[in-house]
Amino acid sequence: MKHAQLAALGLFDARVPRYTSYPPATAFSVETGVDFQESRIKGLDPSDPVSVYVHIPFCERLCWFCACRTQGTTTLSPVVHYLDVVKKELEQLRHLVPFGLHMGRLHWGGGTPTILPPDLIRDLAAYIMDVIPPADDFEFSVEIDPTMVDADKINALAEAGMTRASIGIQDFAPDVQDAIGRHQSFAQTKTYVDLLRAAGITSLNADLVYGLPHQTLAKMDASIDQVLSLDPDRIALFGYAHVPHMAKRQKLIKEETLPDDLARHELSELATARFVAAGMAEVGIDHFAKPRDSLAIAAHGGELRRNFQGYTVDSCQTLIGIGASSISRFADGYVQNAAATAAYIQRIETGQLSGARGVEMTRDDQMRARVIEMIMCDFALDLTKLRREFGDLVDTILLSTNGIKATGFQPVRFSVMYYNLPSHF
Ligand SMILES: C[S@@+](CC[C@H](N)C(=O)[O-])C[C@H]1O[C@@H](n2cnc3c(N)ncnc32)[C@H](O)[C@@H]1O
Ligand code: SF4
């Protein structure tokens, strides 16, 4: 669709909040906390593998553009203490999970998980797998900052079973990097990409961001040449979310240097055209994957899913969030651990889990969440699948959508929405 048509539809006037979940985090309350979390973990079906997310809320550098929940540290001591507390949380989990439960997926995010030295990487991975052993088709992904990793850490991650590395790149243009307070050369990034491949990691994702200060089409084009030369299997292309009221460090970014709505739209269209021309398949609203990557195959076959970490082929119904601010998803609700690291530590030290607020979902909520997920993944509603999952409740959606065709409607790419962040923020 042309920019003028999009403008006429009011897309550029929309400042919608980023979508993380339905019901959204604003509906979470303290009414749904640790009791709900404990009862749902105890009630898990051991024949149904779970996903596990572990949050490491520390970085050595604090990039100005970043809206992640993280804190800066120049020493390892707070990280070491935090990991002790994470192990206490895992110990509590051990007493709650049913015998025979397995883990289908493990994801370490942050912050910067690769701030952990090799011995802590091995220790944490072994601890988690001892509490919930991996299932047969287990996948383990880790967010990797190429400026905060080395060969020993990569080998430790590979030995611990990592199957996918997600590398933060954002943009290689030096003046864009200056303006976002994040310096990372192409040579440095390539060194660690090569080491990851040599360590046997067969799936690499690259995170890029459009809408950053001083970004232009020419610079984006040049960055994309460099990114494609790294031969990533997947690319996540996020729209820069400028939310200085939430992420105070973004105040260091001068607003007048940010591309306007039209420029953001063009940047995202350019990047999309380049990735598609390079043979990658479009996946959902902001991901790309090689055609033989499981993500592209799932998208093509209508099996794509979306969770707090973004697009995935993970069909586990339950996600157990470990660490400060992590969100757990159960079949009928969400619970978020205490968001501030100090509050999380305090709660775990009292000998209980850390669920601080959440929401219990009605059957209607569950269906709405599934409908949104289908639209974000397939740009269509599969009513047969929906009816299989929710029976006659589906009829209430059909009445309320009022004219949206069951299949085949094309959404506008969410390219200009300022709040288009990865979902787990
Ligand atoms: C946990 S962070 C990155 C992991 C790692 N610490 C690194 O820097 O490479 C995950 C991703 O979130 C994205 N991100 C962070 N802040 C963002 C923002 N304000 N708008 C859009 N995307 C953002 C970036 O693409 C980043 O790579
Ligand atoms: S982009 Fe990565 S390294 Fe930079 S502040 Fe965010 S989480 Fe930390």
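**View 1. The residues around ligand 2.** In this predicted model, the shell around ligand 2 is made up of six nonpolar, two polar and three charged residues, where Ala, Val, Leu, Ile, Met, Phe, Trp, Tyr, Cys and Pro count as nonpolar, Asp, Glu, Lys and Arg as charged, and the others, Gly among them, as polar. Among the residues around ligand 2 are Cys59, Cys63, Cys66 and Cys68, together with Arg61, Asp145 and Arg182; a residue is near a molecule if one of its heavy atoms lies within 4 Å of it.

**View 2. The shell around ligand 1.** Of the 23 residues around ligand 1, those that come nearest are Phe65, Gly110, Gln170, Arg182 and Asp207. By class, this shell has twelve nonpolar, seven polar and four charged residues. At least two shell residues come from each of strand S5 (134–144), strand S6 (164–170), strand S7 (203–210) and strand S8 (234–239), strands being DSSP runs (E, at least two residues) numbered from the N terminus.

**View 3. Polar contacts of ligand 1.** In these polar contacts (pairs of N or O atoms within 3.5 Å), a polar side-chain atom of Gln170 lies 2.7 Å from an oxygen atom of ligand 1, and one of Asp207 lies 2.8 Å from an oxygen atom of ligand 1. A backbone N or O atom of Ala67 lies 3.1 Å from a nitrogen atom of the ligand.

**Notes.** Residues are numbered from 1 along each chain as its sequence is written, and chains are lettered from A and ligands numbered from 1 in the order in which they are written.

Notes. This is a predicted model: local features need pLDDT of at least 70, side-chain atom pairs count only at pLDDT 80 or more; totals for chains, interfaces and linings use all residues. Side-chain values use heavy atoms; hydrogens and water are left out. A polar contact is a pair of N or O atoms within 3.5 Å; within protein, one must be able to donate a hydrogen and the other to accept it, and residues adjacent in sequence count only if both atoms are side-chain atoms. Helices (H or I, at least four residues) and strands (E, at least two) are DSSP runs, numbered from the N terminus.
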